[in-house]
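Thanks for making time for this; I would like to walk through one model with you, taking a few residues in turn.

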Amino acid sequence: MVAPSQLLNVLSQANTPMIVDVRSKRAFSKGHIPGSVNIPFRLLGSNLKMIPHNRQVVLVSATLQRAAQATAILRILG
């Protein structure tokens with residue numbers, strides 16, 4: 001996981017990570033990081049093909065608990 005204070009450092013790397021926002025579509029529509037992709041938490045498992053295996057992925061979530069859960073799901077499902 002990347003703390004909000006470290007996000008700019010991660011995004012400035014040469015191999016730009018994919019930013020996946022796991023908040024609801026409603027929360028995403030109210031504001032999000034430009035260039036991020038919205039895959040709501042409850043739909044992660046059915047949208048794995050949208051997440052590349054050859055790039056770092058940064059998850060955006062409303063809570064650390066949800067980010068940890070999303071990380072675990074992505075690791076389990078590959």
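In which strand does aspartate 21 lie? The model is a predicted one, and in it aspartate 21 belongs to strand E1. Its relative accessibility is 1%, and because buried means under 20% relative accessible area, this aspartate counts as buried. Setting aside the neighbours within four places in sequence, aspartate 21 is in contact with Phe28, His32, Val37, Asn38, Ile39, Pro40 and Val60.

Ile39, one of those contacts of aspartate 21, brings us to the largest nonpolar core, which has nine residues, namely Met18, Val20, Val22, Ile39, Phe41, Leu44, Ile51, Ala70 and Leu74. Strand E1, spanning 18-21, and helix H3, spanning 64-77, each supply at least two residues of this core. Within the list of core members we also find leucine 44, and, if residues up to four places away in sequence are not counted, leucine 44 touches Val22, Ile39, Ile51, Ala70, Ile73 and Leu74.

Let me turn to asparagine 15, which sits in the loop between helix H1, residues 7-11, and strand E1. Is this residue buried, partly exposed or exposed? Asparagine 15 is partly exposed, because its relative accessible area of 48% falls between the 20% and 50% cut-offs. Once the neighbours within four places in sequence are left aside, asparagine 15 is in contact with Asn54 and Arg55.

Definitions and conventions:
Residues numbered from 1 in each chain as written. Predicted model: local features only at pLDDT ≥ 70, side-chain atom pairs only at ≥ 80, totals over all residues. Heavy atoms only, no water. Core = buried A, V, L, I, M, F, W, Y, C linked by side-chain atoms within 4.5 Å. Buried < 20%, exposed > 50% of the residue type's maximum accessible area, 1.4 Å probe, protein only. Helix = DSSP H or I, 4+ residues; strand = E, 2+ residues; numbered from the N terminus. Contact = heavy atoms within 4.5 Å.
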